[in-house]
Amino acid sequence: MGMTTEPMRARAVFSTADFELLKEAIGELITKVSVDDVKLSRLSALYHRLGRLG
């Protein structure tokens, strides 16, 4: 049996369902929690990035 020198393919850490759950949780956090402008902006950007991935 010969050994290959190619690296193994990376496996996904999150499933599509995980992205949907994370997006839902962050969406609720944005609407229910009073946060400063910088944090709100970062949470909003994360929410939209998760939407593109899921």
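Which residues form a nonpolar patch on the surface? Here are some friendly notes.

1. This is a predicted model, where local features need pLDDT of at least 70, side-chain atom pairs count only at pLDDT 80 or more, and totals for chains, interfaces and linings use all residues. Residues are numbered from 1 along each chain as its sequence is written, and side-chain values use heavy atoms, with hydrogens and water left out.

2. The nonpolar surface patch consists of Val 13, Phe 14 and Leu 22, which together have about 300 Å² of accessible area (Shrake-Rupley method, 1.4 Å probe; for residues, only the protein chains shown count as cover). Patch members have over 30% relative accessible area and no salt bridge; like charges are joined within 9 Å, nonpolar side chains (Val, Leu, Ile, Met, Phe, Trp, Tyr) within 5 Å. A salt bridge is a side-chain nitrogen of Lys or Arg within 4 Å of a carboxyl oxygen of Asp or Glu.

3. Leu 22 sits in helix H1, residues 16–32 (a DSSP run of H or I, at least four residues, numbered from the N terminus). Leu 22 is partly exposed at 34% relative accessible area (buried is under 20%, exposed over 50%, partly exposed in between).

4. Ile 30 also belongs to helix H1 and is partly exposed, at 23%. Beyond its neighbours within four places in sequence, Ile 30 contacts Leu 40, Leu 43, Ser 44 and Tyr 47 (heavy atoms within 4.5 Å). Ile 30 and Met 8 are 22 residues apart in sequence, and their C-alpha atoms are 38 Å apart.

5. Arg 42 lies in helix H2, residues 37–53, and is exposed at 64% relative accessibility.

Conventions: Helices (H or I, at least four residues) and strands (E, at least two) are DSSP runs, numbered from the N terminus. Buried means under 20% relative accessible area, exposed over 50%, partly exposed in between (1.4 Å probe, protein chains only).
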